[in-house]
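Here is a short briefing for a first look at this model. Please keep the sequence and the structure at hand while reading.

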Amino acid sequence: MVQLHILNGPDRGKSFDLSGDITLIGRSPDNDVQIMDRTVSRTHLKILRKGTGFFIEDMESRNGTFYNGDRVEPGREVALKEGIPIIIGMTVVCVGKGCVEQIMPFLDSIELSAADGAAATSQARHQRIKTVQKNIDLIYKVSEMQGDFLNRDLEEILGNILDNVFNLLKRVDRAVIAVVEPQTREIKTVVSRAKKSLADTTVNYSKNIVDQVLRQGKPVVMLDTVDEDNSGFLETLKSLKIRSVMCLPLVSSSRILGAIYIDSLEKPYGFRREDHPLFADIGKRIALALENALLHETLKE
């Protein structure tokens with residue numbers, strides 16, 4: 001029996017059988033599935049079963065329905081795939097088991113409060129919902145790529161991940177993923193991206209910061225390098241004109257396998273402090289995929 005899973009909020013962990021041809025979801029108790037989230041409309045979403053397939057339809061909800069990175073147009077049926085998250089208000093649901101394992105760990109690591117969403121202004125709430133959707137969409141895309149590490153070119157996969165990072169964080173100017181040899185921690189692969197609008201698209205990232213993160217296994221996060229205590233990197237940051245920077249280790253089984261790095265030039269706040277858990281989650285997924293790829297290579301040898 002195919003089930004609908006609620007991944008966050010007051011009803012987190014509940015599952016409902018999709019046994020009928022139509023399942024209505026919303027805040028009202030008259031629905032087949034009631035969700036106690038004030039940002040969810042009284043009747044928010046309809047799930048239709050047609051043969052062996054499922055479709056979703058937004059019921060002209062106030063805050064909209066987001067699926068696979070796009071807003072669902074009210075009244076239009078959209079084919080539903082199992083495992084892809086659906087956002088209604090500030091609540092995340094999915095059909096099938098796939099995204100329970102992929103998305104719920106990320107939701108556990110961030111603050112996602114329906115109460116806060118209800119108290120905020122309409123514009124702020126809408127922006128928060130869009131941000132959550134983009135974050136989850138990025139996590140889902142990275143999760144999809146995890147299996148590709150065994151079959152596709154490593155630099156191509158990491159480059160695709162960085163392309164998605166740029167789609168999410170519009171103020172970021174440069175992004176880098178460095179992969180190391182686990183025993184020596186020497187960098188063996190570097191994949192980078194720079195914003196096309198930069199006069200110089202060469203990615204002269206702070207190697208000092210990356211080296212420290214690889215050596216210590218601890219993140220470096222500075223929203224504004226002018227205001228924060230960054231004496232250890234002061235000269236580097238000045239010479240590279242870096243105004244915000246975040247670098248996190250890629251760790252799996254207590255082994256450091258690399259680092260993910262982003263920065264913005266001249267303007268501070270290329271990211272928000274709340275983005276730290278997002279990139280920590282992405283880092284864990286990349287590290288696990290790298291660990292599996294290393295194991296696969298060892299077994300082949």
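**The β15–β16 hairpin**

Strands β15 and β16 form a hairpin with 2 residues between them, and Ser 253 in the turn has a positive phi of about 55°. Strands here are DSSP runs of E with at least two residues, helices are runs of H or I with at least four, and both are numbered from the N terminus. This is a predicted model: local features need pLDDT of at least 70, side-chain atom pairs count only at pLDDT 80 or more, and totals for chains, interfaces and linings use all residues. Residues are numbered from 1 along each chain as its sequence is written, and side-chain values use heavy atoms, with hydrogens and water left out.

**Around the hairpin**

- β15 covers residues 242–252 and β16 covers 255–265.
- The two strands run antiparallel and are joined by 10 bridges; two strands count as paired if DSSP finds at least two bridges between them.
- Val 251 stands opposite Ile 256 in β16.
- β15 also runs antiparallel to β14 (residues 220–222), with 3 bridges joining them.
- In that pairing, Val 220 stands opposite Cys 247 in β15.
- Of the 11 residues in β15, 9 are buried (buried is under 20% relative accessible area, exposed over 50%, partly exposed in between, with a 1.4 Å probe and protein chains only).

- Ser 253 is not a glycine, yet its phi is positive.
- Ser 253 counts as exposed because its relative accessibility is 60%.
- Tyr 269 is another non-glycine residue with a positive phi, about 55°.
- Tyr 269 lies in the loop between β16 and α7 (275–300).
- Its relative accessible area is 45%, so Tyr 269 is partly exposed.

**An open sheet**

- Six strands form an open sheet in the order β2-β1-β11-β10-β7-β8, with antiparallel pairing.
- Its edge strands, β2 (15–17) and β8 (70–71), each pair on one side only.
- β7 (residues 65–67) pairs with β8 over 2 bridges, and Tyr 67 stands opposite Asp 70 in β8.

**Nonpolar cores**

- The largest nonpolar core has 66 residues, and Phe 279 and Ile 286 have the most contacts inside it.
- A nonpolar core is a set of buried Ala, Val, Leu, Ile, Met, Phe, Trp, Tyr and Cys residues joined through side-chain atoms within 4.5 Å.
- Leaving out residues up to four places away in sequence, Ile 286 touches Val 142, Phe 149, Leu 158, Ile 161, Ile 177 and Leu 250 (contact means heavy atoms within 4.5 Å).
- A second, separate core has 21 residues, including Ala 194, Ile 209, Val 210 and Ala 259.
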